[in-house]
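This report looks at how two parts of one protein chain meet.

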Amino acid sequence: MEGSARFLALVKLANVGLVLIWGFAVTFVFVRVLPIAEFQAFLLLVAFGNFTISAEFGLTSIIYARLRRHWLSNGVDDDDGGFRLEEMGVLFLFLGLLVMGASLILLVALAAGWLSTGLPLLFLLFFLSACLNLPALLAKRALAAVDGNFLWEGLDCARRVVTIGLLLAMLAGMDPRLSVALQLIVSVVVIGYAIGHVHRRLAMKRSHWLAFRVGGGHVRAHYLRDIGASAAFTVSDIIAYNAPYFTIALATSDPRPMLVFDFFFKMSRSLSMLVRATVEAALPRITRAYHAGDRVRLRQLLGRALGAAMIFAVGLSALLLLAGNRLFAILFDGRATINRADIILMILALFALTILCVSVYVQAALGRFGELLARSLPFLAGSLASAPLALLLWPGRFDLAFLGFYALTLLIVAGVHLVSLRRLARA
C-alpha cells in the first residue's frame, strides 16, 4: 500500500476531507456552546493559534528533505553536512520552545484581560490542542521521509475521527473542557506513537534526542542558509496570500471586492489542500528518482503529478461555472453578487495556482528553498501591487481590475515555476 501512489492519494484525500470537516465542526460546535461574546474571543484565539503554527517557518520541510536524502542513501550521506540523528532533538526543542513561548503570551493576554473570557482553562486547553499540529506536522514529515506515509495517514485519520466525535459530544452535553482535554490526550498518544516509530526505524537512541549541543552545532554549521531561505519564503508566501485583504480595505470601502477575493481565497485553499494530498502521494517516487539521478523517470513523475493536480482544477472550475453564483450567494447571505467575468478570472487564477502549488510542494521536498524564495518574490510584488494598480488604472471597475491583475500575477508566477520545474527535470 505504501508503494501505490494511487492508494496513498486516496487515503490522503480522505484525510483532507476529515481536516475540512474538523475545521467546520470547530466553528459549528463552539458557536453553539459559547455565548456570542465568548465566541468572538474564541475566534481571536483560533487566529493566534494559526499564527503560532505558521511560525515554524518550514523547518519540518527542511527536515523532510534532509532525512529523505539520508534514508534513500541507506544512512550514508555524501559529506559531513548530511543528516544527523541529533537534528531531530534540536527541531523538537525549537517546536517546544515555540509552543511554550506562545502559551506564555496567551497566559499574559488572559491575565491582563487583553483576551477577555470567563473560560480561561478551556481557551488554554484548546490552544495547546491546536499547537500540537506542530509536532504532528513533524511526525508526518519524518514518517513520510522513511516511507511511512500510509502509517501516518491511518493514524491521523483515526485521530481526526475521534476528535470530531469529541467535538460533537459537546452538543450532547459533554463539558467543553473535558472534550478538549480528551482531544489533547488523543493527539499526544497518536503523535507519540508516530515519533516512536520513527525512533525505531532510524535505530535512534535516547541520547540523540537530548544531544542539543551536537545537533545545534551541526545545524549551525551546515544548513542555516536553508533555514533562512525557508523562513523568508514562508513569510513571503503568507504575506502574498493574505495581503489583498488589507490592500483592498485601504483602496475602497465597497465590500464587494473583499467578498469576491475572500470567495476566491476559500476556493484556492480548498484546491491547494487537494493538490498537496496528490503531490505528497507521488513524493516517495519523485524524491527517489531525483536523488538517483533518473531524469527520464523524474520528468514522467512530474508530468503525472501536474496532470493529476489539474484534474482538481478542472473539477473546481466546472463547479464555479455551474454553481458559482449560487455558492457565492449562499456563503455571503446574498449581500453581493458575482458575475461571469469574475468567475472566468478566478478559473484562470486557479489553474495557475495549481502549477505553483505542485512546484512548491515538490521543490520544498527536495530542499530547494533558495529557488523557491527567488520565485516567491514576483508573487509577493504582484499581490501587493494588484489593488493599487486597479485603483490607479480602472477605479470605476476596481473589483474586476483587481481580480484581473491578481490573476495575471498568478499566471506569470506559474510560468516562472514551469521553467523552474523544467530545469529541475534536467538537473
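The sections below describe the model, its domains and the contact between them.

## Model and conventions

This is a predicted model, in which local features need pLDDT of at least 70 and side-chain atom pairs count only at pLDDT 80 or more, whereas totals for chains, interfaces and linings use all residues. Residues are numbered from 1 along each chain as its sequence is written, and side-chain values use heavy atoms, with hydrogens and water left out.

## Domains and buried area

The protein is divided into domain 1 (5–225) and domain 2 (252–425), with bounds that come from an automatic or database domain assignment. Their centres, taken over C-alpha atoms, are separated by 26 Å. To the contact (heavy atoms within 4.5 Å) domain 1 gives 19 residues and domain 2 gives 18 residues.

Between them the two domains bury about 1,600 Å², 67% of it on carbon and sulfur atoms; buried area is the accessible area (1.4 Å probe) that two parts lose on being put together, summed over both. Of the area that domain 1 buries against domain 2, Leu13, Tyr64 and Leu72 supply 26%, more than any other three residues.

## Salt bridges

Three salt bridges are counted between domain 1 and domain 2, each being a side-chain nitrogen of Lys or Arg within 4 Å of a carboxyl oxygen of Asp or Glu. The side chains of Lys140 and Glu280 also meet in a salt bridge, with an N to O distance of 3.1 Å.
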